[in-house]
Amino acid sequence: MILPSRLPPVSPATKFLLVSLLRVGALAAFVGGVATLAGGVGYGVLAGALIVFAAFGYYAWKLAQLSDWLREPTAATLPDADGLWGDVLIQLYRMLRDERLSRQSLADTLSRFQQAASALPDGAVMLDNAYNIVWLNPTAETHWDISRRDDRMQTITYLIRYPEFIEYLNARQYGVPLTMKLTRADVGGAPKELVFTVQLVPFGDEQMLLLSRDITEYERLETIRRDFVANVSHELRTPITVLSGFLETMTTAATAGTGSPVLLEKALAHMSAQAARMQRLVEDLLTLSRLEDESHRLAEAPINVPELVHALAAEAEQLSNGRHTISVGAAPIWLIGNRDEITSAFSNLITNAVRYTPPGGKIDVTWELEDGAPLFRVADSGEGIAPEHIPRLTERFYRVDRGRSQATGGTGLGLAIVKHVLMRHGGRLEIKSSRAVNEHGTQFTARFPIARACASEPRPQAVAA
Ligand code: ADP
């Protein structure tokens, strides 16, 4: 007979069964044999049966221990066992431990993913192929005004009903973002317009990620930038047109030999006025851009404001040329700030009063403390400004009376400069105006923080003897 060179491998369970049966069988046969020799066959059978019964009881007890342990399978509570039972328990324990570890690592990965997705500045909504909401992050909650707790597994198109959004989802144009405007009630209840870009990204088994980004602020800045470029171009167009018109006329006259010195003089006067206008505009634009540059730090020193105010009032007298009555009241208080910037702000307010107050009007310039805080005020008896214009006066290029502004050399940037200077000094601008028949006029008040006032130039510290 040919024996197979190798026996087939035996599974641990078969090995356990065979070894247990052999042990119990051998013990029962041995004890039964001894009992038969001592007392006869009856005793032998009884002793063998008792051994089998005891073995059965032992395994039942071990199974009860195992079942108890499985309720809370830790290394500390592992029942004492050796031999085959020990092997079984150790294997079972390792299996359970590995499974627990891999479950834990899966849960950790999932929780890290959720934390990362929750921290995203963009909104993310996970959708199934029927557009039901599977998951969403807190940003998406605020973007779409939907709840992570209540709206899970709701169809997104029932919650976000904007037609362009539904059209975009149905088109499934992955990779092409949609820009949409939403109207939301603000905290105070007033509606505010928000602008979002939305993008659908497919993934996995017909699932989709709906990403949203709030670009309201970006759009606002973009509108300001566009308006600014349009305004500057518009401001420059007139002087450039005038200049090129005169240049053309002069060239034609020179070629034809028809130019007269009087005409030439007139043309040159117009041209230099337009060049001066462009120069003022460029200077104001540069001042404004310096003021808006956050990195441009304020170089501060005590300023002798009474002296400055009197000097500015003297310049205003020249500009007025006797057409207005200008009075100055300046308390002996100094201000800690940047001299150039303060000069530019105060000068803008005083010259505006001269430019916009009809002849015969009164202009009062005041520098004083009010409740300890310094203030600079220019009050005129001009026609006054209608209330709807007042909140917009400090916007760049905003003018109430464009004709008068341009006729008096205005760039439309003066009050924007004033506002920025005051902001850099921790101050604010207040505008009050009346168009009433008997008490018309406008008051511009620049208020500074108490800490910016000082009695006079601080003396150098006396050196101790
Ligand atoms: P501008 O260079 O046009 O004067 P500003 O920014 O200094 O620009 O002023 C903005 C607008 O505010 C002016 O065009 C003018 O209509 C109005 N304004 C400013 N100061 C006065 C004032 N004292 N009285 C009446 N209107 C004023």
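Visitor: How many helices and strands does the protein chain have?
Guide: The protein chain has 12 helices and 13 strands. Helices (H or I, at least four residues) and strands (E, at least two) are DSSP runs, numbered from the N terminus. This is a predicted model, where local features need pLDDT of at least 70 and side-chain atom pairs count only at pLDDT 80 or more, while totals for chains, interfaces and linings use all residues. Residues are numbered from 1 along each chain as its sequence is written, and side-chain values use heavy atoms, with hydrogens and water left out.

Visitor: What radius of gyration does the protein chain have?
Guide: It has 46 Å, whereas a compact globule of 465 residues would have a value near 23 Å. The radius is taken over C-alpha atoms, and the globule rule is 2.2 Å times the number of residues to the power 0.38. Along its principal axes the C-alpha trace spans about 155 × 80 × 50 Å.

Visitor: And how much of the protein chain is buried?
Guide: Buried residues make up 34% of the 465 residues. Buried means under 20% relative accessible area, exposed over 50%, and partly exposed in between (1.4 Å probe, protein chains only).

Visitor: On to α8. Why should helix α8 span 46 Å?
Guide: Because it has 32 residues, 261-292, at 1.5 Å a residue; the end C-alpha atoms are 46 Å apart, which agrees. The expected span is 1.5 Å times one less than the number of residues.

Visitor: Which residues of α8 are buried?
Guide: Among them are A267, M271, Q274, R277, M278 and L281. An α-helix has 3.6 residues a turn, so residues three or four places apart point the same way.

Visitor: What do the buried residues of α8 pack against?
Guide: They pack against α7 (216-256), α10 (339-356), α11 (402-407) and α12 (414-424). Contact means heavy atoms within 4.5 Å.

Visitor: Is α12 mostly covered or mostly open?
Guide: Mostly covered, with 9 of its 11 residues buried. The buried residues of α12 include L415, I417, H420 and R424. Besides α8 and α10, the buried residues of α12 pack against β11 (428-434) and β12 (441-447).

Visitor: What follows α12?
Guide: G426, whose phi is positive, near 70°.

Visitor: What is L393 in contact with?
Guide: Leaving aside neighbours within four places in sequence, L393 is in contact with I385, Y398, V400, L415, I431 and F444. L415 is one of the buried residues of α12. I431 is 38 residues from L393 along the chain, and their C-alpha atoms are separated by 9.1 Å.

Visitor: Last one. Where is T157?
Guide: T157 is found in helix α5, residues 156-159. T157 counts as buried, at 16% relative accessibility. Not counting residues up to four places away in sequence, T157 touches I166 and L169.
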